[in-house]
Amino acid sequence: MNDIKLGNIFKRALAIEDSEDVGEMYKDFFDSEGLALDLVCSVSQVSEIEKYDLLICDWLLGRGTAKKWLMDMKQLKKLPKVVIIITGMVDIEMEVHDLPCLVIYKPFEFTALKEEILKLKLIQ
């Protein structure tokens, strides 16, 4: 499955990550996969969410979590088809059980992230 490039499956990805260093790692990885990635550091910077088909979102953003924003986007039916939440917190599954997403725990390898993204895409 690793020989499939994400850029051949997805049109556009968005990463919401408040750490500039981590955001740059996302950019490098998705560039190597041939996938255009827009990077923002807060949900307030997101516009036109409906143009994305993949969302990578850090769970802790600033002083809170991304839950309210994700729930709002779900209610408005604007969430991308594939949503990955990245976190270093333990056991957030109860907080995200009503969201159509996959939780990936830090630290992680980008190859594992890619495999999970591909699995999600294949089961849709």
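**A covered strand and its neighbours in a predicted model**

Strand 3 (residues 54–58) is mostly covered, as five of its five residues are buried. Here, strands (E, at least two residues) and helices (H or I, at least four) are DSSP runs, numbered from the N terminus. Buried denotes a relative accessible area under 20%, exposed one over 50%, and partly exposed the range in between, with a 1.4 Å probe and protein chains only. The structure is a predicted model, in which local features need pLDDT of at least 70 and side-chain atom pairs count only at pLDDT 80 or more, while totals for chains, interfaces and linings use all residues. Residues are numbered from 1 along each chain as its sequence is written, and side-chain values use heavy atoms, with hydrogens and water left out.

In a regular strand the side chains alternate between the two faces of the sheet. In strand 3, Leu54, Ile56 and Asp58 lie on one side and Leu55 and Cys57 on the other, and both faces are covered. Two strands are taken to pair if DSSP finds at least two bridges between them. Strand 3 pairs with strand 1 (residues 12–16) in the parallel sense over four bridges, and Ile16 stands opposite Cys57. Strand 3 also pairs with strand 6 (residues 82–87), again in the parallel sense, over five bridges. In this pairing Ile56 stands opposite Ile84, and Val83 is the bridge partner of Leu55.

Strand 6 is largely enclosed by the rest of the structure, because six of its six residues are buried. Val82, Ile84 and Ile86 point one way from strand 6, whereas Val83, Ile85 and Thr87 point the other way. Strand 6 pairs in the parallel sense with strand 7 (residues 102–105) over four bridges.

Along the sequence, the elements follow the pattern β-α-β-β-β-β-α-β-α-β-α. The radius of gyration, taken over C-alpha atoms, can be set against a globule rule of 2.2 Å times the number of residues to the power 0.38. For 124 residues a compact globule would have a value near 14 Å, and the 13 Å of the protein agrees with this. The C-alpha atoms fill a box of roughly 35 × 30 × 25 Å along the principal axes. Of the 124 residues, 39% count as buried.

A contact requires heavy atoms within 4.5 Å. Among contacts between residues at least 6 apart in sequence, 65% join residues at least 24 apart. Accessible areas come from the Shrake-Rupley method with a 1.4 Å probe, and for residues only the protein chains shown count as cover. The accessible surface of the protein comes to about 7,100 Å², with 53% belonging to carbon and sulfur atoms. For charges, Lys and Arg count as positive and Asp and Glu as negative, with His and the chain ends not counted. The place of a charge is NZ of Lys, CZ of Arg, CG of Asp or CD of Glu. The mean positions of the 16 positive and 22 negative charges are 8 Å apart.

Several loop residues were examined individually. Glu33 lies in the loop between helix 1 (20–32) and strand 2 (36–40) and counts as buried at 7% relative accessibility. Apart from neighbours within four places in sequence, Glu33 is in contact with Ile4, Lys5, Leu6, Gly7 and Lys114. Gly34, found in the loop between helix 1 and strand 2, is exposed, with a relative accessible area of 56%. The C-alpha atoms of Gly34 and Lys5 are separated by 6.7 Å, although these residues are 29 residues apart along the chain.

Most residues other than glycine have a negative phi, and most peptide bonds are trans. A cis peptide bond joins Lys106 and Pro107, with omega about -5°. Pro107 is found in the loop between strand 7 and helix 4 (110–122) and is exposed at a relative accessible area of 79%. The C-alpha atoms of Pro107 and Ile86 are separated by 9.3 Å. Glu48, in the loop between strand 2 and strand 3, has a positive phi of about 55° and is exposed, with a relative accessible area of 52%. Lys77, in the loop between helix 2 (67–75) and strand 6, has a positive phi near 60° and counts as exposed at 74% relative accessibility.
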